[in-house]
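Colleague: I'm new to reading protein models, and I'd like to learn it feature by feature. Please pick a place to start.

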Amino acid sequence: PRSGSPSLPGYKLRQVTDWMAENLAEEFNLERLAAQAGLSKFYFNRLFKGAVGVSPSHYHINLRLDEAKRLLRETKESVVEIALDVGYSNPSHFAQLFKRETGLSPSDYRQQR
């Protein structure tokens, strides 16, 4: 965070990011996260991005994709099962997002491990 700019207190940031990691398969809900931090959606979004460098929604996507990468590397689960495990009800959407963020399809990622 830039010096002098408002930021989310560390304990609130930890509380929110821990909750996100523990509930990554749940649908993203900015209002719920802001309420956990005791802030308005707008202010929470701004402070979170200032503290982490990405918006809460993008952070949530990154958490999901990191878990998907781990599952692709460490399990034999199908891509469809992994998509469902990390909270994507549409495996095609998951595959498109995965490729956009990593440059590889989930199957290609698995083969490169």
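Modeller: Let's start with rings: Tyr 88, Phe 94, Phe 98 and Tyr 109 form one aromatic cluster. Before we go on, this is a predicted model, where local features need pLDDT of at least 70 and side-chain atom pairs count only at pLDDT 80 or more, while totals for chains, interfaces and linings use all residues. Residues are numbered from 1 along each chain as its sequence is written, and side-chain values use heavy atoms, with hydrogens and water left out.

Colleague: How many aromatic pairs are there by the rule for rings?

Modeller: The rule goes like this: rings of Phe, Tyr and Trp (its six-membered ring) pair if their centres lie within 6.5 Å, and planes under 30 degrees apart count as stacked, over 60 as edge-to-face and the rest as tilted. Here that gives five aromatic pairs. Take Phe 44 and Phe 48: their ring centres are 5.6 Å apart and their planes are at 50°, so this pair is tilted.

Colleague: Where do Phe 44 and Phe 48 sit in relation to each other?

Modeller: Helices and strands are DSSP runs numbered from the N terminus (helices H or I, at least four residues; strands E, at least two). Phe 44 and Phe 48 are both in helix H3 (residues 41–52), and because they are four residues apart there, about one helical turn separates them.

Colleague: And are Phe 44 and Phe 48 buried or exposed?

Modeller: Buried means under 20% relative accessible area, exposed means over 50%, and partly exposed is in between (1.4 Å probe, protein chains only). Both Phe 44 and Phe 48 are buried. Tyr 88 and Phe 94 are both buried.

Colleague: What sits over the ring of Tyr 88?

Modeller: A charge sits over a ring if NZ of Lys or CZ of Arg is within 6 Å of the ring centre and within 35 degrees of the ring normal. For Tyr 88 it's the charged end of Arg 64, 4.5 Å from the ring centre.

Colleague: Which residues have the most contacts inside the largest nonpolar core?

Modeller: A nonpolar core is a set of buried Ala, Val, Leu, Ile, Met, Phe, Trp, Tyr and Cys residues joined through side-chain atoms within 4.5 Å. The largest one here has 13 residues, and Ala 68, Ile 82, Val 86, Tyr 88, Phe 94 and Phe 98 have the most contacts inside it. Two or more residues come from each of helix H4 (56–74), helix H5 (79–85) and helix H6 (91–102), with H4 giving the largest share, four residues. Apart from this core there is another, of 11 residues, including Leu 13 and Leu 47.

Colleague: How do I look for empty space inside?

Modeller: Rolling a probe the size of a water molecule over the atoms shows where empty space is left. On a 1 Å grid over the protein atoms alone, a cavity is a set of points where a 1.4 Å probe fits but cannot get out, and lining residues have an atom within 4 Å of a point. Grid points are joined across faces, edges and corners, and a volume is the space filled by probe spheres set on the points. This model has one cavity of 30 Å³ or more, and the largest cavity holds about 50 Å³ of space.

Colleague: Which residues line the largest cavity?

Modeller: Among them are Trp 19, Met 20, Glu 26, Arg 32 and His 60. Helix H1 (10–22) and helix H2 (30–37) each give two or more residues to that lining. His 60 lies in helix H4 and counts as buried because its relative accessibility is 6%. Glu 26, in the loop between H1 and H2, is partly exposed, with a relative accessible area of 32%. Glu 26 touches His 60, and Arg 64 as well.

Colleague: Finally, how many helices and strands does the chain have?

Modeller: Seven helices and zero strands. Of the chain's 113 residues, 28% count as buried.

Methods: On a 1 Å grid over the protein atoms alone, a cavity is a set of points where a 1.4 Å probe fits but cannot get out, and a pocket is an open set with protein on both sides within 12 Å along at least five of seven lines; lining residues have an atom within 4 Å of a point. Contact means heavy atoms within 4.5 Å. Lists of a residue's contacts leave out its neighbours within four places in sequence.
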